[in-house]
Amino acid sequence: GSWADQAGGVFLTVPARVSGMGVVEADEEALARLCAPGSAARDALCNGLKEVREEYGGCNVDETNLLPMGTVLSQRLEKGLRSLLKADAVIILAGAGMSVSSGIPDLGDFATQFPELVQRGRKNIFQCSSHEHFTSDPASAWGFFQERALGYWGAEPSADYCWLLKVVDSRPYFVVTSNLDGMFTRAGFAPDRLAEIHGTLLDVQCCSPNCGGVRRETLNFFEDLPICPNRRVVTPAERVPTCSRCGSPERIATELAVDGYFQDDHVLEGRRRWEHFQHTVPEGAKLCILELGCGIQMPKLRFLGESVSNIHRLRAAHSTAPDEMAPVTYMRINTHHYDMINHPDNIPLPLPVSEVFQAWSCLS
Ligand SMILES: [Zn+2]
């Protein structure tokens with residue numbers, strides 16, 4: 001009945017020497033000594049637990065089973081890798097954290113990074129992507145997106161993408177990503193096994209409703225835009241892209257801003273590919289869901305992973321043939337907000353994607 005029971009467990013972390021690949025390579029022996037029976041640190045932990053119990057009532061805590069975080073992580077990494085390698089099909093859900101190692105960092109604090117946009121009344125990336133921005137101030141909107149497109153396409157897919165493709169390529173897999181950087185295609189993942197749910201930065205549409213569809217541009221399109229570098233605006237302003245059919249301003253066809261003007265043909269095609277993939281996964285197939293660097297700001301991919309795992313587990317519960325291997329292993333790899341619904345086959349890995357992949361490539 002206590003908060004700790006409801007949470008399904010509590011992690012107590014202790015400082016440790018961290019080296020090399022980070023926590024994965026933490027000094028296991030030192031950590032084990034730290035938590036050994038009779039050690040001062042262990043006594044402190046147990047006293048802490050006692051206080052928690054006294055304050056909050058009977059927590060279900062077992063002092064004999066204190067594991068150093070490094071050991072917990074090692075066990076999770078090993079179980080996760082086994083499931084990934086043995087799965088009949090792999091579902092990859094990728095957010096911004098997947099591309100960090102390719103040199104595409106989180107935008108960070110918008111006001112510090114883009115003071116000239118704040119001066120023009122844009123406070124975040126959603127406002128920058130809006131229909132209103134492209135129609136009322138297209139020189140600034142295209143200035144912002146030219147910089148993004150050149151930066152994203154100037155970056156190459158990291159070793160993480162190559163390793164992942166090598167691991168999944170011989171089996172059915174599908175990638176659903178919210179990233180706009182086109183990295184999966186550029187890394188060699190099959191276009192028919194990919195859904196880019198927000199489109200990419202190269203997708204362009206007319207701002208007028210129902211005037212044609214979405215086309216995928218090349219990087220030349222962005223390189224040819226004349227930008228005043230210090231101000232991040234198209235100069236002269238009449239050089240902003242306009243529709244060849246009706247002359248209206250054009251815009252990036254991404255769904256970052258939900259404003260009712262977004263043409264979603266390309267996104268719907270991706271969704272159809274995803275639906276088709278789900279129908280091709282045979283009943284009883286063992287799934288591995290890899291959620292990679294998906295934050296909580298736009299939690300669509302988290303919801304997707306949770307719903308797919310729930311449905312597949314429910315189906316498996318009704319099947320008559322019990323199996324040693326779990327029907328779904330669901331891994332969440334993210335440096336923050338990594339908590340998952342408590343389930344033996346949900347594996348939260350509170351690490352950067354590249355550290356997990358490096359550890360796995362050493363283990364496999
Ligand atoms: Zn048009």
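Strand β10 (residues 328-333) is mostly covered, as six of its six residues are buried. Buried means under 20% relative accessible area, with exposed over 50% and partly exposed in between (1.4 Å probe, protein chains only). Strands (E, at least two residues) and helices (H or I, at least four residues) are DSSP runs, numbered from the N terminus.

The model is predicted: local features need pLDDT of at least 70, side-chain atom pairs count only at pLDDT 80 or more, and totals for chains, interfaces and linings use all residues. Residues are numbered from 1 along each chain as its sequence is written, and side-chain values use heavy atoms, with hydrogens and water left out.

Within β10, Val328, Tyr330 and Arg332 point one way, while Thr329, Met331 and Ile333 point the other way, and all are buried. Strand β9 (residues 287-292) is likewise mostly covered, with six of its six residues buried. On one side of β9 lie Leu287, Ile289 and Glu291, and on the other Cys288, Leu290 and Leu292; all are buried.

The pairings follow; two strands pair if DSSP finds at least two bridges between them.

| Strands | Sense | Bridges |
|---|---|---|
| β1 (residues 89-94) and β9 | parallel | six bridges |
| β9 and β10 | parallel | six bridges |
| β10 and β11 (residues 346-349) | parallel | four bridges |

Cys288 in β9 stands opposite Val90, and the bridge partner of Cys288 in β10 is Thr329. Glu291 has Arg332 as its bridge partner in β10. For Tyr330, the bridge partner in β11 is Asn346.
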